[in-house]
Number of protein chains: 2
Amino acid sequence: MSNGSALTASRLVYSEPGDPINVIRKETFPLPEPGDQEVLLEMLAAPVNPVDVNIVQGKYPMQVECPGYEGVARVMKLGPGVRSLKVGDHVIALRYVGTWRTHLALPEQVLLQVPKELGIAEAATLTCNPPTVYRMLKDYVEVKPGDTVIQNGANSACGVLAIQMCRQWGINTVNVIRDRPNVEELKTFLKNLGATYVFTEEEIKTTDVFKTGRLEKPMLGLNCVGGKNAAQLIRHLDFGGVLVTYGGMSMEPIYVPTSALIFRDIRLEGININNWFDQEKNFADRAKMFKDLISMLKNGQLKAPPHVMVNFERYEEALKNTLSKDGMVGKKYILDFSVVRSKF
Amino acid sequence: MSNGSALTASRLVYSEPGDPINVIRKETFPLPEPGDQEVLLEMLAAPVNPVDVNIVQGKYPMQVECPGYEGVARVMKLGPGVRSLKVGDHVIALRYVGTWRTHLALPEQVLLQVPKELGIAEAATLTCNPPTVYRMLKDYVEVKPGDTVIQNGANSACGVLAIQMCRQWGINTVNVIRDRPNVEELKTFLKNLGATYVFTEEEIKTTDVFKTGRLEKPMLGLNCVGGKNAAQLIRHLDFGGVLVTYGGMSMEPIYVPTSALIFRDIRLEGININNWFDQEKNFADRAKMFKDLISMLKNGQLKAPPHVMVNFERYEEALKNTLSKDGMVGKKYILDFSVVRSKF
């Protein structure tokens, strides 16, 4: 392995928000030297998430220099004061650091070591979606075995995680997807993952699954779509229920009927896992959560999202595919740094 | 005073939701006899509130036999087991009982005695709006002296109470009203009540009162309008702020941008004071609240809403005026039972 002293690193950057294909460029930078309590990392893999694309597009109120919400890295060099990690360990960062780069130096305390037995794709996609889903199921309303959770965008990366975690915890899921060619195939896929019911946007409007008492009305709804679709989730929530929003794929606002708030005591909240990680009061829960998640991933109770590894040099391919509709709702494209590394 | 034995009482009832003028009829009924722990009441005054009209219209998911959310009554006869009240006391009911009637028997424990020095209009309008505003300012987010609250429908009955309570507690208010002829007159009226700023719906879109730091961004918004107007309140809320909805005058849903929930940690809740009263955990807070409210009303720190007393026999006039736009946002019409009573 290189000691890094004469090497250059490279990263993806942008100056002004816009179409990622146009504004993102690759640049080299000197390999950073870790400070006293820092470690130098070489990235192993970093997903291109829809949220990353939206940040570059300027659709979210956030601008960064180097994008990339998550990824897994290997410890390459330790600062003199580092005690908890050793060279070769695999780590993820519990803060937005910009992972679309070959190398970065980070303070020891923002890093979480992950076992090497965890697959690279599992580790690279561990920071963002699994904690978002875990917190949504834990923090907003008590959901017990036998209860029901309703969600839209059920085939999204978070959607399929919610199905799997709920199955694991004995919670029923009512899953809403957009109508599409071969919709039965997607329904079967989701049911095989553990979905209790899967409905299209049309079907959810008229379902009698709650009226007939086959399922308890849900106290929790997970929304990543917005618009009228979210209003349907709100309609099915029980008295005192909560709709937690983690995305807005339809690019439409959420339509909330006044009567739901006043007469059914419905509450609307949003989650941003980045904010959650930043709050000191959550540090204890963080450790327990990752222990649970890593255990479920290692047991195969949670599966990594369908994904394609794309050589970092061909990052434009990953951006293009994530921008297309198929990318958004289908496979996740993960930047793979192994070719870059092998040059050293 | 009559002992009621040979008398009949009368009340307003409806069987099917519809236009109140068409569906509401007056009927007589035998004067009820109070049970052991009940008291027989004669109503003194009962407002016709927009919410009452909406219930009769079937716009709210609630149907009752005899409408009427609030009102003040006089104790006429005690059941043998009643200890806390005496004949002649003035009381209000802390539960939906249907106040549009000359007499009713109620359990002692749902009644709150109010001092006779409190004006009849003040007491008649004490159950619904003042507690709604009080709870909105106390229960959703901490609002301290020097902080800001933003609200729409600022000239509504609740709106003007919020202005007065905030002034009393050292809280700044940013108040949104619809543009109208003589808007400056209404602005002056609200400023004289204690409003810090008053803006029309157009003006609130471009105000720099937060940007320039003249006021802290609000952590609390009070919404009784919905639609795009509510979205403006959400836009001005600070990170972590709450929009509490207590009405939907525009009859439009609330448009909530996804990014507000995710990136600004905004929360949406609703309040229904009837539900609040029903919850046992609130019984202690209830006593303190009414002590505060009655004290503010007696001191003139809170004023009764602009109102017109209408003889109960002429209830249709009160219904018609409340149905008109002017009624909804202007004077409150209060059914006055004194003429009925004087017959006994």
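**Figure 1. Where domain 1 of chain A meets domain 2 of chain A.** Between them, domain 1 and domain 2 of chain A bury about 810 Å², with 51% of that area on carbon and sulfur atoms. This is a predicted model, so keep that in mind for each of the views here. On the domain 1 side of chain A, the residues touching domain 2 split into four nonpolar, two polar and five charged. Despite those charged residues, the count of salt bridges between domain 1 and domain 2 of chain A is zero. What does turn up is polar contact: two residue pairs across the interface of the two domains of chain A, both at pLDDT 80 or more.

Figure 2. Domain 1 of chain A takes in 8-125 + 304-342, and domain 2 covers 129-274. Taken over C-alpha atoms, the centres of these two domains of chain A are 30 Å apart. Eleven residues of domain 1 of chain A are in contact with nine residues of domain 2 of chain A.

**Figure 3. The interface of chain A and chain B.** Here 27 residues of chain A are in contact with 27 residues of chain B. The two chains bury about 2300 Å² between them, 67% of it on carbon and sulfur atoms. Look for A:Leu261, A:Ile262 and A:Phe263: they supply 27% of the area that chain A buries against chain B, more than any other three residues. The elements of chain A that give two or more residues to this side are strand S13 (254-256), helix H9 (258-263) and strand S14 (267-270). By residue class, the side of chain A that touches chain B comes out as 16 nonpolar, seven polar and four charged. As for specific pairings, chain A and chain B have zero salt bridges between them, while three residue pairs are in polar contact across the interface, both residues at pLDDT 80 or more.

**Figure 4. Strand S13 of chain A alongside strand S13 of chain B.** Zooming in on the strands, S13(A) and strand S13 (residues 254-256) of chain B run antiparallel and are joined by three bridges. A:Tyr255 stands opposite B:Tyr255 in S13(B).

**Figure 5. A salt bridge between A:Lys77 and A:Glu33.** The side chains of A:Lys77 and A:Glu33 meet in a salt bridge, at 2.4 Å from N to O. A:Lys77 sits in strand S4 (residues 72-78) of chain A, and A:Glu33 in the loop between strand S2 (25-30) and strand S3 (38-48) of chain A, so this pair ties together parts that are 44 residues apart in sequence. Over all chains, the count comes to 32 salt bridges.

Notes. Residues are numbered from 1 along each chain as its sequence is written. Chains are lettered from A and ligands numbered from 1 in the order in which they are written. This is a predicted model: local features need pLDDT of at least 70, side-chain atom pairs count only at pLDDT 80 or more; totals for chains, interfaces and linings use all residues. Side-chain values use heavy atoms; hydrogens and water are left out. Domain bounds come from an automatic or database domain assignment. Contact means heavy atoms within 4.5 Å. Buried area is the accessible area (1.4 Å probe) that two parts lose on being put together, summed over both. A salt bridge is a side-chain nitrogen of Lys or Arg within 4 Å of a carboxyl oxygen of Asp or Glu. A polar contact is a pair of N or O atoms within 3.5 Å; within protein, one must be able to donate a hydrogen and the other to accept it, and residues adjacent in sequence count only if both atoms are side-chain atoms. Ala, Val, Leu, Ile, Met, Phe, Trp, Tyr, Cys and Pro count as nonpolar, Asp, Glu, Lys and Arg as charged, and the others, Gly among them, as polar. Helices (H or I, at least four residues) and strands (E, at least two) are DSSP runs, numbered from the N terminus. Two strands pair if DSSP finds at least two bridges between them.
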